[in-house]
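Here is a short briefing on one protein model. Keep the sequence and the structure in view as you read.

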Amino acid sequence: MKKAFIYPGQGSQVLGMGACVADTFPEAASVFDCASNLAGYDIKLLCTVGPIEKLSQTQFTQPALYTVEAAITDVLKARGIHTECTAGHSLG
């Protein structure tokens with residue numbers, strides 16, 4: 001059976017997204033750290049405590065969602081769960 005990861009896009013952002021995965025799995029924390037370094041701001045902090053008004057702005061929503069989705073993908077791959085493809089709405 002073939003598997004695919006399909007992620008949501010803008011509009012699915014919520015405060016707290018990605019916190020559990022980033023706090024639990026080192027590979028996810030690494031993705032958040034890398035993304036934050038590239039973006040120039042703390043993406044995990046934005047995802048977890050907001051403010052929601054900032055997280056809901058496209059220029060912050062897109063990188064935040066992508067980071068959460070990439071972190072989840074890396075955690076699953078590290079545990080032997082691989083896919084034929086990964087897809088998402090918008091930047092997801």
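The disulfide count comes to 0 in this model, which is a predicted one.

**Cysteines**
- C47 takes part in no disulfide. The nearest cysteine sulfur belongs to C20 and is 14 Å away. A pair would have to lie within 2.5 Å to count as a disulfide.
- A disulfide is a covalent bond that joins the sulfur atoms of two cysteines.
- C47 has a relative accessible area of 0%, so it is buried.
- C85 has a relative accessible area of 40%, so it is partly exposed.

**Helix α5: span and end**
- Helix α5 covers residues 58-78.
- Its 21 residues, at 1.5 Å a residue, should span 30 Å. The end C-alpha atoms of α5 are 30 Å apart, which agrees.

**Q59 in α5**
- Q59 also lies in helix α5. With a relative accessible area of 49%, Q59 is partly exposed. The cut-off for exposed is over 50%.
- Q59 and S12 are 47 residues apart along the chain. Their C-alpha atoms are separated by 15 Å.

**Packing of α2 on α5**
- Helix α2 (residues 26-39) packs with α5 at an angle of about 150°. The two axes are 8 Å apart.
- The crossing of α2 past α5 is right-handed.
- From α2, the contact residues are E27, A28, V31, F32 and A35. From α5, they are T67, V68, A70, A71, D74, V75 and A78.
- By class, this contact has 9 nonpolar, 1 polar and 2 charged residues.

**A cis peptide bond**
- Where is P51 found? P51 is in the loop between α3 and α4.
- The peptide bond from G50 to P51 is cis. Its omega is near 20°.

Note on methods: Residues numbered from 1 in each chain as written. Predicted model: local features only at pLDDT ≥ 70, side-chain atom pairs only at ≥ 80, totals over all residues. Heavy atoms only, no water. Axes fitted to C-alpha atoms, helices over the stretch in contact; angles between N-to-C directions. Helix = DSSP H or I, 4+ residues; strand = E, 2+ residues; numbered from the N terminus. Left-handed = near helix turned anticlockwise from the far one by under 90°. Contact = heavy atoms within 4.5 Å. Nonpolar A, V, L, I, M, F, W, Y, C, P; charged D, E, K, R; others polar. Buried < 20%, exposed > 50% of the residue type's maximum accessible area, 1.4 Å probe, protein only. Expected span 1.5 Å × (residues − 1).
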